[in-house]
Amino acid sequence: MPRLFVALEVPRNAAMSLSLLRGGLPGARWIDVENFHITLRFIGDIDGRTADEVVDRLDRIERPEFQLALSGIGSFGSKKPHSVFAGVTQAPEMYALQGEVERICQRLGLPADPRKFTPHVTLARLRNARTEDVAHYLSGRGNFHTAPFTVNRFVLMSSKESVGGGPYLTEEVFPLYEAGGGWDGADLRDHLV
């Protein structure tokens, strides 16, 4: 079974803006544009039956679409940087969706995600990058931002076991309902999750 994760897709225009940040950092292995995403929950390697249960539960989520933008860049690993990322604007709807996905995974017996949810788009994985090179790279690109975009679905993606960075495949798509589009599913949602 491939490694699974739940994510938000990055639309093409935002991905093209991100692609302009590539280069200028020794030791960086840049993520391909088509593999940019925002991970909501890493699931990992699970058996087919559990994967089917995850899909069934995710398919019951009734949440509204919302607006996001990418803003700022940073790095993970302060003493020994291991990746460079673009930040994501704070959207309460995104955090609510992520929280629901996390609760579903835990109810299905998957261990809690040990890391605090920090929404981001990984731009590059770093191997033996010098801290001062990373600081120089970040300092020249700190004002990065994209225009807001509408998130109207989330996806279940898979990756082959590798050092990270793709290729990723979209296994399932879960639509979000149009904001202000009438029925919000609140009554039924309370009974399904």
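1. Ser159 counts as buried because its relative accessibility is 9%; buried denotes under 20% relative accessible area, exposed over 50% and partly exposed in between, with a 1.4 Å probe and protein chains only. The residue belongs to strand E9 (residues 153-159). Strands (E, at least two residues) and helices (H or I, at least four) are DSSP runs numbered from the N terminus. Beyond residues up to four places away in sequence, Ser159 touches Pro2, Arg3, Phe5, Pro167 and Tyr168, contact meaning heavy atoms within 4.5 Å.

2. The model is a predicted one, in which local features need pLDDT of at least 70 and side-chain atom pairs pLDDT 80 or more, while totals for chains, interfaces and linings use all residues. Residues are numbered from 1 along each chain as its sequence is written, and side-chain values use heavy atoms, with hydrogens and water left out.

3. Ser83, in strand E6 (residues 83-88), is likewise counted as buried, at 3% relative accessibility. Setting aside neighbours within four places in sequence, Ser83 is in contact with Gly74, Ser75, Phe76, Thr122, Ala124, Arg125 and Leu126.

4. The largest nonpolar core contains 52 residues, and Leu8, Leu18, Leu68, Leu70, Leu123 and Phe154 have the most contacts inside it. Such a core is a set of buried Ala, Val, Leu, Ile, Met, Phe, Trp, Tyr and Cys residues joined through side-chain atoms within 4.5 Å. Helix H3 (residues 92-107) supplies the largest share of this core, 5 residues. Apart from this core lies another, of 5 residues, including Phe5, Val155, Met157 and Tyr168.
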